[in-house]
Structure formats: C-alpha cells, structure tokens
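Look over the sequence and the fold below.

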Amino acid sequence: MTLDDLRRYAVARSLFKPTTLKDAIDRMGFVQADPIRAPARAQDLILRHRAKGYHAGDLERLYRKLRIEEDFFIVYGFMTKSLQAMMHPRSEVDVPAEGPGSWSAARKKLANLVLEFVTEHREVHPREVDDHFSHGSVTNYWGGLSNATTHLLGAMHYRGMLRIVRRENGIRIYALHKHGPAPANASERRARIDGLIDAAVNLYAPLPGKCLADLVRRIRFAVPQWRGELKEAFQRAKQRLAHACVDGVDWYWPRREDPVNYAVQHTVRLLTPFDPVVWDRDRFEILWGWQYRFEAYVPAAKRRLGYYALPLLYGDRVIGWGNLRVEDGQLKSQFGYVAHQPRDRVFKHELGAELERIKAFLAIG
C-alpha cells in the first residue's frame, strides 16, 4: 500500500456517487455546520457534492422531513437521530466553548423556568423567551456580548433539555426534548463510546494515528460525562480498526474496506474548508504536501489564500484554492495554485463545469 492509494481512497470513499439527501446524511452520519456564507454555508457546500440536485438552503428547508437533529458531535452540526441518541443524557455542563464547568443553582432554577415556558408554548423563538424573562446580555466565549436568552437556550439544547425543531431565517426554534435512558452498565457505556468513535472514523477515514488520537479526544464534546474514558477507548479503537504503516506513518480506517480498490474521476471540485476530505489539516499536509489555512478570522493584511479559500480538488489532488463571491447576481471567482494552473483541456473543461454546478446550486445566472 502506498500514499497514492490512501489519497485516492480518502477522496473516493468520501465523495461517493450522489444520492438522495436523506441517504447522503444517513451514509455520512454527521454534517458539520458553519454560519459563514462564502458563497454558501458549510453544510450546504458539503452536501452539494453528495446529494443529487441539491440547492443551497435545502437542508434547512427540509429539516423536519429529514428527521434529523442539530447537536455537538466532534464539532457542531446536523446528524442522524441514532447518532445523537448515543450521546445523551449528558451531564450538567456548559456548551464546549464555555469549558467543562457545572451549572450553578441559579442557572438551574432559571433553566427550569424556561423549560416550563417551552412546555406551555410547545415551540418557541428565542425572542419570545427573551420578551417573557428579559434576560439581558452576557459575555460570550469570544469576549463580546451575546443575548443571554440565546446563551441559555444553547446550553439547554446542549444538555439535551431542548431540541431544534426548525429554523426561521437561520434562527433556531426550540421545543422540549426527552432522551432515552443512560447506559445501564459499563459495557453499554463502552459500546456507545466505541460507536461514536466508529461514526467519526467512518466520516474522516483514513486517518494517521496522530489524527485518530485527536479525533477521539474531540469525542469529549459529544459525551462530556465520559471524557475520562476516552484514553482507553482510543486503545480499543486502534485494535478494532484496520491499519497499516505507510512511509513510517500508521494509518487507520474501517474494517471491511480495502484502500487499494478505489479509483477517482478526473473532475474538479471546490470544497468547503470543513468538508470531510480536507477537514483534518495534518492529514491534508501529509496527503497533498502543502499547508492549508482557514483564514476567515485572520486579519485581511495577513491572509495568504483568502477570506474563505475553498480547496481546489482535481482528481485526487488538491492543487490550489478558489475564492468565490456573488455580486449583482453573478458568480465571481479567483483562483490560486500551489505550483501552477494545469494547462490541459480536461482541467479547463472540468473547472468550467464545476462553476456551472455552483451557479445551479446557488440558483444564479
């Protein structure tokens, strides 16, 4: 097995033949969310490659019909109900960005009052809760001020007390959420943790050992109540998963898959920085030999690639990046290349075809 085999495998297994939106989500298990639109949100940019006829905003529009959930996994996103069920009930902790602190007695009391309000109204907009309780503002994780109602509702959602039933113009609408029972014993608890790790590996494989270790550590966001058991779970995962040493690096992937038996088409794709193919930056550097940086939060003067540079995939090689924006209903694009722009006619045709697909996805001319 060679690094070329692993590169083809990483691309082909993730960018499977497009299917229905429901089947694509079921196959992936989890789709990362991000609010930046450049030119669309991350969840939409991820799904457009994997769901037939997908348009920006379809996930939000069809959320109820899809019977999925929003929650934290290794990061925040959309997931199957079966994946979410393995994480709950969670302990009394804040959302991951706030650290592992427990809730104060005052916060518990306020949460119970909000719970009574939601019970009475069935579905609530944060504005309704704020109007009723007048919570004011709090300092958020980034040092700015957040609406205290939004802050508390987010914490209650993370705890599993509430679920998101839909969105209105991107704003979460909440309702009560009752989860199943906690694991009955240590064996059931270990099985849940192993299942969560396997779900993450299924999404991001193949993984170098270092990246697998980081992925397992991130499971603490899904199950803060079991964070102390993740070291042992990592050792079980290394024994359970298929693996091989390639160029001095140990790689891991799901059993019953053979990395050698994968092929990719010579198509061009522009990927969101959060796409599973390019999500892990350490793996990215090993597979493609250059360092990609997400620069949306980097001062403009210090950006090298651009505000929201989309990795540019050609076949099984990430050869550069593109920055897209919509101006006056028209798609504008700028590209950069690690070495140079391919001069073959196939690349020129495929890049043009990808830009046309993006126009259709955005419903612009």
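Predicted model: local features only at pLDDT ≥ 70, side-chain atom pairs only at ≥ 80, totals over all residues.

Residues are numbered from 1 along each chain as its sequence is written, and side-chain values use heavy atoms, with hydrogens and water left out.

**Helix α10**

Helices here are DSSP runs (H or I, at least four residues), numbered from the N terminus. Helix α10 covers residues 186-204, which is 19 residues. From its first C-alpha to its last, α10 reaches 27 Å, close to the 27 Å expected at 1.5 Å a residue. That expected span is 1.5 Å times one less than the number of residues. Asn185 caps the N-terminal end of α10, with a side-chain oxygen 3.1 Å from the backbone nitrogen of Ser187.

Burial is judged by relative accessible area: buried is under 20%, exposed is over 50%, and partly exposed is in between (1.4 Å probe, protein chains only). The buried residues of α10 include Ile193, Asp194, Leu196 and Ile197.

**Salt bridges**

A salt bridge is a side-chain nitrogen of Lys or Arg within 4 Å of a carboxyl oxygen of Asp or Glu. The whole structure holds 28 salt bridges. Three of them are listed here.

| Asp194 | Arg236 | 2.9 Å |

Asp194 is buried at 15%. Arg236 is partly exposed at 23%. In the second pair, Glu295 is buried at 1%, while Arg293 is partly exposed at 35%.

**Arg7**

Arg7 lies in helix α1 (residues 3-14). Its relative accessible area is 5%, so Arg7 is buried. Beyond neighbours within four places in sequence, Arg7 is in contact with Leu287, Trp288, Asp316 and Arg317. Contact means heavy atoms within 4.5 Å.

**Cysteines**

How many disulfides are there? The count is zero, where a disulfide is a pair of cysteine sulfur atoms within 2.5 Å. The sulfur of Cys211 is 14 Å from the closest cysteine sulfur, in Cys245, so the two are too far apart for a bond. Cys211 is buried at 4%, whereas Cys245 is exposed at 52%.

Note on methods. Helix = DSSP H or I, 4+ residues; strand = E, 2+ residues; numbered from the N terminus. Polar contact = N/O pair within 3.5 Å; in protein donor to acceptor, adjacent residues only side chain to side chain.
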